[in-house]
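Dear colleague,

Please find the structure below, handed over for your reference.

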Amino acid sequence: MPRGHPHRLVLALYLLGANALWGTSFVATKIALSGFPPMTVMWMRWMVATLVFLPFWRRVPRPQYRRGDWKLLLLAAAFIPCLYYLLEGYALRYTTSGQAGVISAVYPLLVGVGAWIFLKERLSRRGAVGIVVSLAGVVLLTLSGPVQETASNPVLGNLLEFLAMLSGAGSALAIKRLSVRYSAWFLTGMQAAVGCVFFLPFALASGSGAWTEAPLSAWASVLYLGTLVSLGSWGLYNSALVRMPANKAALTVNLIPGIALLAGWALRGETISLAQLGACVLIVAAVVYAETGKDESTRNG
């Protein structure tokens with residue numbers, strides 16, 4: 001095996017680690033919100049990420065800028081972190097971390113639809129079926145969500161989370177265009193810096209008077225989100241992505257709903273009804289169906 005080429009097991013561990021961090025980020029955000037306003041959490045998260053990343057900035061490969069790239073860079077940053085985390089920050093005030101995690105399962109399908117429309121990539125029959133069925137599962141999950149202490153308005157919260165996934169898909173399409181000439185770490189660092197600047201006015205408007213009263217768990221969650229989730233998860237994922245097919249790496253994102261549900265149950269005591277459990281199974285099954293097996297369009301394309 002050539003030097004510098006990790007064993008397949010190592011790549012699998014990279015992906016498992018990335019998705020474990022993403023899956024637990026919903027619970028961590030809920031805990032952080034117990035001590036800080038949503039926009040303060042968002043700003044602190046990206047501030048921590050920027051400060052941690054700053055010492056390594058000079059080691060990042062310089063981009064090969066081409067005229068007009070600023071439009072895609074602006075679009076990528078506007079979707080993530082700005083719009084994505086603006087929506088998700090409020091979504092987790094109204095829904096449970098488990099439900100938000102399950103809704104994130106539609107992200108790979110949204111990317112597929114966007115690539116079909118904007119990048120002229122063909123959408124397979126499996127992909128089309130998966131999109132319809134998974135969206136039906138999201139509707140079922142939303143309507144069956146009970147009002148509880150950790151989910152005061154699941155309909156609104158789940159809708160905001162779904163819109164956040166749309167924003168994430170938009171950013172992915174822009175980054176896909178840029179990735180040929182731009183390092184993944186450069187783009188990650190750029191988004192962290194943009195997030196730090198963008199969310200600062202929102203954080204100031206939220207006030208800082210309650211910071212001294214925030215529990216230690218809220219502070220720990222902010223540090224966790226800024227370092228391990230914002231930087232660590234993407235570092236692990238990108239380390240695997242550059243060494244294996246992108247579709248194989250993207251398929252592992254489907255681990256997030258299960259991890260989020262388990263984390264919500266174990267750490268926050270969140271409950272799941274039979275109807276919600278059925279909706280979760282429907283969404284995950286639709287995503288797995290869409291991204292596995294061979295399809296006529298794939299074989300002919």
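**Findings**

Helix H5, covering residues 107-118, has 12 residues and reaches 16 Å from its first C-alpha to its last, close to the 16 Å expected at 1.5 Å a residue. Its buried residues are Pro 108, Leu 109, Leu 110, Gly 114 and Ala 115. In general, an α-helix has 3.6 residues a turn, so residues three or four places apart point the same way. H5 is followed by Lys 120, whose phi is positive, near 60 degrees.

Please note that this is a predicted model. The average pLDDT of the protein is 80, and 85% of the residues score at least 70. Among the elements, helix H2 (residues 38-53) has the highest mean pLDDT, at 91, whereas helix H14 (residues 296-300) has the lowest, at 42. Over residues 295-301 the pLDDT is below 50, and this stretch has 12 contacts in the model beyond near neighbours in sequence. Where pLDDT is low, the predicted coordinates should not be read in detail.

**Overall architecture**

The protein has 14 helices and 0 strands. Of its 301 residues, 47% are buried. Among contacts between residues at least 6 apart in sequence, 91% join residues at least 24 apart.

Leu 204 lies in helix H9 (residues 200-206). Leu 204 counts as exposed because its relative accessibility is 64%, above the cut-off of 50%.

**Helix H3**

Helix H3 (residues 69-94) has 26 residues, and the distance from its first C-alpha to its last is 37 Å, close to the 38 Å expected at 1.5 Å a residue. Within H3 there is a kink of about 35 degrees at Phe 79, shortly before the proline Pro 81. Pro 81 itself is placed in helix H3. The peptide bond from Ile 80 to Pro 81 is cis, with omega near 15 degrees.

**The salt bridge**

How many salt bridges does a search of the whole structure find? The search finds 1 salt bridge. In a salt bridge, the side chains of Asp 69 and Arg 181 meet at 2.6 Å, N to O. Asp 69 lies in helix H3, and Arg 181 in the loop between helix H7 (154-178) and helix H8 (184-198), so the pair ties together parts that are 112 residues apart in sequence.

Are Asp 69 and Arg 181 buried or exposed? Asp 69 is buried, with a relative accessible area of 4%. Arg 181 is likewise buried, with a relative accessible area of 14%. Both values fall under the 20% cut-off for a buried residue.

**Cysteines**

The structure holds 0 disulfides. By way of background, a disulfide is a covalent bond between the sulfur atoms of two cysteines. Cys 82 counts as buried because its relative accessibility is 8%. Cys 196 also counts as buried, at 18% relative accessibility.

With kind regards

How values were computed: Residues numbered from 1 in each chain as written. Heavy atoms only, no water. Helix = DSSP H or I, 4+ residues; strand = E, 2+ residues; numbered from the N terminus. Expected span 1.5 Å × (residues − 1). Bend = angle between axes of the 7 residues up to and from the residue. Disulfide = S-S within 2.5 Å. Buried < 20%, exposed > 50% of the residue type's maximum accessible area, 1.4 Å probe, protein only. Salt bridge = Lys/Arg side-chain N within 4 Å of Asp/Glu carboxyl O. pLDDT = per-residue confidence, 0-100. Contact = heavy atoms within 4.5 Å.
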